[in-house]
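Here is a short tour for anyone who likes to look at contacts and pairings before setting up a calculation. Please keep the viewer open while you read.

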Amino acid sequence: KEKQEALKDSFSTEMRGMLDTFLPPLRAAVENQSRRLAEAEASQLRLMDERRKLHNTILELKGNIRVFARVRPMGQNEARDEPPEGTITFADDNKLAVYSTQDQRKKWFEFDRVFSPSEGQAGVFEEAKPLATSVLDGYNVCIFAYGQTGSGKTYTMSGTPKDPGLNVRSLQELFRIKEEREGGQDW
């Protein structure tokens with residue numbers, strides 16, 4: 001029993017010596033890592049704030065109010081009555097002309113973006129996609145469709161189950177960004 005007590009005391013002394021040797025540097029390393037983690041978190045917050053500001057500055061530079069024009073494909077009856085000059089002429093991504101049979105001339109219009117009948121729902125959504133980030137950054141956003149009956153507003157906004165419109169795609173993007181941010185990334 002005396003040997004066990006002596007061995008126990010020896011072991012305790014040796015362990016205290018090892019703790020006294022290794023504990024201070026270990027404690028310093030933990031404190032250093034804690035400090036570096038706090039600095040990294042503070043830096044991440046600053047960078048997230050800067051990302052928000054830059055993202056929304058870019059959107060503001062594009063214009064807080066943007067007007068897009070989307071031309072739907074012609075129906076069979078419309079195609080039959082189409083004048084030889086063509087009713088709609090596309091100049092580039094932001095200009096289109098409408099031919100007036102009454103005036104016998106084209107009238108040009110300029111928009112922030114023009115979508116031809118061949119451009120799909122995904123292309124339209126790509127123009128509106130950055131707004132989802134703005135919503136989660138706390139900005140107010142409104143997307144609406146305006147036009148004559150039968151011009152394609154409902155199709156553009158709602159789409160079909162196989163080819164969803166802006167509403168569904170925007171919600172999917174909101175949830176994708178939310179999940180990404182919950183995963184520790186907020187940029």
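The sections below go through the sheet, the salt bridges and a surface patch of this predicted model.

Three of them form an open sheet in the order 2-3-4, and their pairing is antiparallel. Strand 2 (88–92) and strand 4 (105–110) are the edge strands; each has a single partner strand, so one side of each has no neighbour in the sheet. On average, neighbouring strands here are turned by 25° against each other, with direction ignored.

Strand 3 (residues 95–100) is joined to strand 2 by four bridges. If you want a residue pair to click on, Ile88 has Val98 in strand 3 as its bridge partner. Strands 3 and 4 make a hairpin with four residues between the strands, where Gln104 adopts a positive phi near 60°.

## A salt bridge across the sequence

How many salt bridges does the model contain? The count comes to 13. Behind such pairs is a simple idea: side chains of opposite charge can pair when their charged atoms come close.

One of these salt bridges links the side chains of Asp137 and Arg52, at 3.4 Å from N to O. Asp137 sits in the loop between helix 4 and helix 5, while Arg52 belongs to helix 1 (residues 2–62), so this pair ties together parts that are 85 residues apart in sequence. Is Asp137 buried or exposed? With 12% relative accessibility, Asp137 counts as buried, because the cut-off for that class is under 20%. Arg52 is partly exposed, its relative accessible area being 22%. The two side chains are also listed as making a polar contact, at 3.4 Å.

## Two further pairs and a network

Another salt bridge brings together the side chains of Arg169 and Asp163, with an N to O distance of 2.8 Å. Arg169 counts as buried at 17% relative accessibility, whereas Asp163 is partly exposed at 24%.

Helix 6 (residues 166–182) holds a pair of its own. Glu180 forms a salt bridge with Arg176, and their closest N and O atoms are 3.2 Å apart. These two residues are four apart in helix 6, which means that about one helical turn separates them. Glu180, at 27% relative accessibility, is partly exposed, and so is Arg176 at 39%. Elsewhere, salt bridges with shared partners connect Arg51, Arg52, Asp137 and Arg181 into one network.

Val135, Leu136, Tyr139, Val141 and Ile143 make a nonpolar surface patch of about 340 Å². Val141 can be found in the loop between helix 4 (130–136) and helix 5 (153–158), and this residue is partly exposed, with 33% relative accessible area.

Note on methods: Residues numbered from 1 in each chain as written. Predicted model: local features only at pLDDT ≥ 70, side-chain atom pairs only at ≥ 80, totals over all residues. Heavy atoms only, no water. Patch = residues over 30% accessible without salt bridge, like charges linked within 9 Å, V, L, I, M, F, W, Y side chains within 5 Å. Areas by Shrake-Rupley, 256 points an atom, 1.4 Å probe, with all protein chains shown as cover. Salt bridge = Lys/Arg side-chain N within 4 Å of Asp/Glu carboxyl O. Buried < 20%, exposed > 50% of the residue type's maximum accessible area, 1.4 Å probe, protein only. Pairing = 2+ DSSP bridges. Axes fitted to C-alpha atoms, helices over the stretch in contact; angles between N-to-C directions. Polar contact = N/O pair within 3.5 Å; in protein donor to acceptor, adjacent residues only side chain to side chain.
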